Amino acid sequence: MGRQELHVLIGGEAGQGLVTIAMILTKALVRSGYYLVVNQSYQSRIRGGHNTFAIRVSTEEIIAPRQRLDFLVALNQETVDWHRTEIAPDGLILLDERFADADQRCVKAPFKQFAEEKFANVAYLAVLNKLLGLDEQVVFQTLEDYFGAKKPEVTEKNRQIFSAAYEWASGRNLPETVRLAPVAPQEHLMLNGNEAIALGAISAGLKFCAFYPMTPATSISLTLQAAADDLGLVVEQAEDEIAAINMAIGASYAGVPAMVATSGGGFALMVEGVSLAGMTETPILIVVAQRPGPATGLPTRTEQGDLEFILHAGHGEFPRAIFAPTTIEECFHLTRKALILAEKYQSPIFLLTDQFLADSYRAVAPFEIDALDATSVGSSPEEVSLPYQRYALTDSGVSPRLLPGQSTHLVVCDSDEHTSDGHITEDLTVRILMVEKRLRKSAGLRAEVTLPEYQGDNRPEVLFVTWGSSCGAVVEAAAELRLRGHRTAALCFAQVWPLIPDQFLSYLQGADNVVMVEGNATAQFTRMICRETGLDLPHRILRYDGLPMTPEYILGQFQSGGF
Amino acid sequence: MMLSESIYGNYETAWCPGCGNFRILAALKKALVESNLTPHEVIFVSGIGQAAKTPHYLNANLFNGLHGRSLPVATGCRLANHQMPVIVETGDGCTYGEGGNHFLAAIRRNINITLLVHNNQVYGLTKGQASPTSDEGFITKAQPHGVYAAAFNPIAVAVALHAGFVARSFAGFEDHLTEMIKQAISHPGFALVDILQPCVSFNKVNTFAWYKNRCYRLPETYDPTDWSAAILKANEWGDQIPLGVISKNSRPPFEAHFDCLGHTPLARQQVDKAKLKAFITHYR
């Protein structure tokens, strides 16, 4: 038997190797065939500070983080003190025998006996292995792979500690309360949002990324950098975010699919570049992984607070699209779509995520890489009308884009208002034609919108509406209410701009009660929906404490909200 | 076949009569032709300001971007297509003021870009405020008691950072300027030509005559590969202003560090699906 579902929280100080064992355990779970949702919460420092790595494991597919804990793995005393009350009555606490705790749910192990402080995490992993009932070979192989590149003596030391601790655990009559039900092994990938974005971008033809480090976006660029030598990418750490976006625009002008990745504060510096891409009609993918602001805010926490900022960023008027993936799979596929649309409509296209999704590992089915096409860059010099004009007026607003050096045709782009051939102008008749040409591209972007997804009962008593990374929690909350006898549904937006009311108005009008759910304090998406539909949507569940949306939070607010 | 300057066209400009830009444009065309470059083989990038309009008056590939941001755009262009010469043409305010951080970073990278700075020590497009290179005490409507800040010395900064190629010329000496631009284009690494230039409308101090009386050409005995001598020479300003190649070295260009920038420009490379699949196996 064993548990179908388990929520494990590993807590400790930064520098104790918490992320190392959590990553190895997560990968071992994925290799064993389990599904999971990881929620990483860490303080913004390298050593010290209280950090946690929560792994919600299930034998079935799951999409949301949870609050209630079943199993607490405490690398330090603080973890026990702070999280004891969150543990279910039938839960378990694993801790070092030196830590003080009289709780009956405790399993105390003499970790000091197996290893010095620095290697204690490997001993924890071995005991965890036993308590969860995982295949020892799978866990140990994952440990070996993780330290694969390290020195042989480190590998040998890990092996000794792991074996000693595993033997200790096997010789005790340990409780079986957190043992997982067995599943068949899977060929799943273990990916977080940032990694999925990087892989999706590469598969779509991305060759250039410039960035300035900023939590929680940095690992997108680092993943690209890790692939750069093998896959022929140029990934450059720029002197600032202004340089980063201008470099990407330069690379794109010269014919290379390009992106930038940052968070709110870094994006604030990039804003003039967004407008530049809009005016010069240069394709660019801009990924913003949100964290709570204003200013430096909570650097390592999550929020959905930059939606309206992204919607309006950049002076002047020009079209854009904003994607907000709801899952890791969508991080991959919508990044691809965003890069392809950027090229097709020669516009800045946004992908908006947040710290929760950026760092949230999941088990993901492998992608069919052979079936995925890359974006096709530029137009053919043989097909353009002569003389070649970079900003030729067309019905779609999209002008044939040649690349400099590709032919003898000259490619002239200007941030000033310009004539069809790209040269600076103050002719106000031309101005009108160019404004209208640029805005005509909106029609194409509107025709390619990713539809919001409706799940649940028809004509529900309550319809929850949400976007981006909050979708998983909303879908699970709606399902729980349904189990309690309510007719419920969830409407999830993975693209938040353009909004086309015809695609979702009937859902809103067909529900007795619409509850908007967002990870911000001012209901930004709600206001956008109201503006586009003319509806008034007063029922809102908002979260802005830096933590991700969870089903428990939604249900708690729903019950106390009197909707 | 010898190229002719006429392939670069002859356009009406928005500059004031007597502006130093006319002579810089003439020298530039000559340098391009003498470098045997046809218009479609070069990418120009410029920022905003009177100088930044220069490439509009040429037949050329051009990305005329934002104020201060031409170097990052040019860096992206060059990495996307490292087989095309990239020339940045813009002013002192754009390069040394708004784009100061990019100036430092481009030098440090040693990206193979030719940077031509029209340095007239004043803001022309916005009508006469001080620029980073305005001398202390220079009076404008925005600095009515004279500039308090010390002048930015681009040559000294570039030499201090071991820039690949650092030269100064003067718009009034067209042949000298043509030669400096040619050398800068052919230098395999970052190349700065700081071009002194009168602004007839807004700089009544640093006039054509002011520059002409002070500028002198470095003697043939001067060795630009002697960095210590170059540091001293770079700090010469005032009654005597040296023109010529102040400093140069053979640091490898930035692009040379990337294996993928070999025979084929990045802009013509496809996704290698087999390698992508192999990379993804790390996530198993």
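**Close-up views of backbone features in a predicted model**

**View 1. B:Asn36 sits in the loop that runs between helix 1 (21-34) and strand 1 (43-46) of chain B.** The model shown here is predicted. Although B:Asn36 is not a glycine, its phi is positive, at about 65°. Most residues other than glycine have a negative phi. B:Asn36 is exposed, because 10 other C-beta atoms lie within 10 Å and the cut-off for an exposed residue is 12 or fewer.

**View 2. A:Gln346 adopts a positive phi in chain A.** The phi of this residue, which is not a glycine, is about 50°. A:Gln346 belongs to the loop that links helix 12 (328-345) with strand 13 (348-354) of chain A. A:Gln346 is buried, because 25 other C-beta atoms are found within 10 Å and a residue counts as buried at 20 or more.

**View 3. A cis peptide bond connects A:Gly293 to A:Pro294.** The omega angle of this bond is about -5°. Most peptide bonds, by contrast, are trans. A:Pro294 is located in the loop between strand 11 (284-290) and helix 11 (307-312) of chain A.

**View 4. The peptide bond leading from A:Leu386 to A:Pro387 is cis.** Its omega is near -5°. The proline of this pair, A:Pro387, occupies the loop between strand 14 (362-364) and strand 15 (412-414) of chain A.

Conventions
Residues numbered from 1 in each chain as written. Chains lettered and ligands numbered in written order. Predicted model: local features only at pLDDT ≥ 70, side-chain atom pairs only at ≥ 80, totals over all residues. Helix = DSSP H or I, 4+ residues; strand = E, 2+ residues; numbered from the N terminus.
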